[in-house]
Amino acid sequence: MGTSGDVSKLHILFFPYMAHGHMIPTLDMAKLFATKGAKSTILTTPLNSTLFFEKPIKSFNQENPGLEDIAIKILNFPCTELGLPEGCENTDFIFSNPDLVKAGLTLKFLLAMNYFQEPLEQLLETMKPDCLVGNMFFPWATKVADKFGVPRLVFHGTGYFSLCTSYCVRLHKPYEKVASSSEPFVIPELPGDIVITDEQLIEKEEESVMGRFMKEIRESERDSFGVLVNSFYELEPAYSDFYKNVVAKRAWDIGPLSLRNRGFEEKAERGKKASIDEHECVKWLDSKKCDSVIYLSFGSMANFNNEQLLEIAAGLEMSEHDFIWVVNKNCSQVEMEEWLPEGFEERTKGRGLIICGWAPQVLILDHQAVGGFLTHCGWNSLLEGVASGLPMVTWPLGAEQFYNEKLVTQVLKTGVCVGVTKMSKVVGDFISREKVERAVREVMCGEERRKHAKELAEMAKDAVKEGGSSDIEVDRLMEELMLVRLQKGKE
Ligand code: UDP
């Protein structure tokens, strides 16, 4: 039974990993289930609550008086006791300081998540939600939830294609059969004859700290109630089927979650306060022709060196296309001079906007003037690009982003690779200005690619409409959870 006092309402507890790429879709999930009549509670730490959740949840609750309020439940996170700097409550803290990344804080932060086991146990004992949606990085969550008879759903934050790719690569080890790490091979068993190289694969070492951690994640997924996937069936049907038939017991496609944000404010303030006035940004876009602007963003973690930034700027200028470029830095005029070609700002005046810091991404992508997206292929960004009907230039850096790139370029055929060949932790291959220019020109001029991208966007919108594929999946999941509750009531 939920804590709301209303026995008919399901109570779903969401526990996101503390990184923007996970907290953003979790907030969207909480809204989705609240809209469907459930009670949603988000579990997070004090700082993330203030920085990230309080304001949008307050607005959502005010704007939807007929729904059960989304609640926030705070768990303390004693950073210093866990060997982390004071205030290190999310990955943003680490990625905004390259020295912390170099010092290995990313892995330390990930492993510090173990701390939450005990507080979560205490919480579940008293709260007894109908379900726990626990992030993949909390592999102990399945057992903890099981102690109290709470079904645990896993949220990876990525799509079916990369989940299936990981599975096939792990199982068949095709990288052992090639002569060099740059020799392309077809991924065995994976539908679509997908080609990749060894140097683009996620860490394969099974005995490393990360390798063992990934094994725990797989085991906890195997024992869980199932997997929630931010995707929609029509986008990757072969992989959705493969995952459900071969890889995992059960999964529900409930995306694109970003489409749950309809109002201006909701779209404009996802994640952080934007570093540009949203209205100014839209006004600038309003002055541009339809499909004429390329938007460049590398997500919440990438941090390029000045040499690479300079090359991107030169490539953009050479492409002669209008652009909005998000640079993940707080930059003064003096700092910008270190990575902008001399005279760049005068020559591109009126043609380009540089946003230093955080951009209102979904608002920008949805604007009709935007006609292309140069992306690092983080799953949220990629799916947001799909939902906005955009052809993409792919520039993967790490994690599962190379897999996502293959979906866009080899399966959906709505993307052009910028030409990155290998995985790197924070910054990838050096990409020349000529490559940037070529890829931007190609993506902005390819009419077939654009047409297909727009068709996918229509499918995405249909999927989340009442009676659409994702909408039906959400209903189906809620019915199953209700059955579990009824079953428990009988025991
Ligand atoms: N994002 C944003 N403004 C920015 C950068 C990122 O709103 O300037 C959002 C973006 O819309 C996406 C998320 O942050 O929802 C980034 O997640 P993704 O999976 O794309 O990449 P990650 O940051 O996890 O690498």
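**Walking through the model**

E189 sits in the loop that runs between β6 (185–186) and β7. Helices here are DSSP runs of H or I with at least four residues, strands are runs of E with at least two, and both are numbered from the N terminus. Before going further: this is a predicted model, in which local features need pLDDT of at least 70, side-chain atom pairs count only at pLDDT 80 or more, and totals for chains, interfaces and linings use all residues. Residue numbers start from 1 along each chain as its sequence is written.

Back to E189. Its phi is positive, near 75°, and the residue is not a glycine.

One more backbone item: the peptide bond joining G255 and P256 is cis, with omega about 0°. P256 belongs to the loop between β9 (251–253) and α11 (264–268).

Next, the domains. The assignment gives domain 1 (7–260 + 466–490) and domain 2 (270–459); such bounds come from an automatic or database domain assignment. Their centres, taken over C-alpha atoms, are 26 Å apart. To the contact between them, domain 1 gives 32 residues and domain 2 gives 29, where contact means C-beta atoms, placed from the backbone, within 7 Å. On the domain 1 side, two or more residues come from each of α1, α3 (91–95), α4 (98–102), α8 (160–172) and β7 (195–196). Helix α1 has the largest share of that side, with 4 residues.

Now the ligand. Which residues come nearest to it? Among the 19 around it, they are G21, G299, S300, G378 and S381; near means a C-beta atom, placed from the backbone, within 6 Å. Both domain 1 and domain 2 supply at least three residues of this shell. At least two come from each of α1 (20–35), α16 (361–365) and α17 (379–387), and α17 has the largest share, 4 residues. By class, the shell has 7 nonpolar, 10 polar and 2 charged residues. In that count, Ala, Val, Leu, Ile, Met, Phe, Trp, Tyr, Cys and Pro are nonpolar, Asp, Glu, Lys and Arg are charged, and the others, Gly among them, are polar.

On to helix α18 (residues 401–412). Its 12 residues should span 16 Å at 1.5 Å a residue, and the end C-alpha atoms are 15 Å apart, which agrees. The expected span is 1.5 Å times one less than the number of residues. Since 9 of the 12 residues are buried, α18 is largely enclosed by the rest of the structure. Those buried residues pack against α8, β7, α17, β14 (392–394), β15 (415–417) and α20 (447–464).

From β7, take I196. It counts as buried because it has 21 C-beta neighbours inside 10 Å. Beyond four places in sequence, I196 is in contact with P184, F185, I187, L201, F402 and K406. F402 and K406 are among the buried residues of α18.

Helix α8 has buried residues too, including F161, L163 and C164, and its buried residues pack against β8 (226–229), α10 (237–247) and α18.

Last, the largest nonpolar core. It has 132 residues, of which F14, V133, C164, Y243, Y295, V393 and V440 touch the most other members. A nonpolar core is a set of buried Ala, Val, Leu, Ile, Met, Phe, Trp, Tyr and Cys residues joined through C-beta atoms within 7 Å.

Methods:
Contact = placed C-beta atoms within 7 Å. Buried ≥ 20, exposed ≤ 12 C-beta atoms within 10 Å, placed from the backbone.
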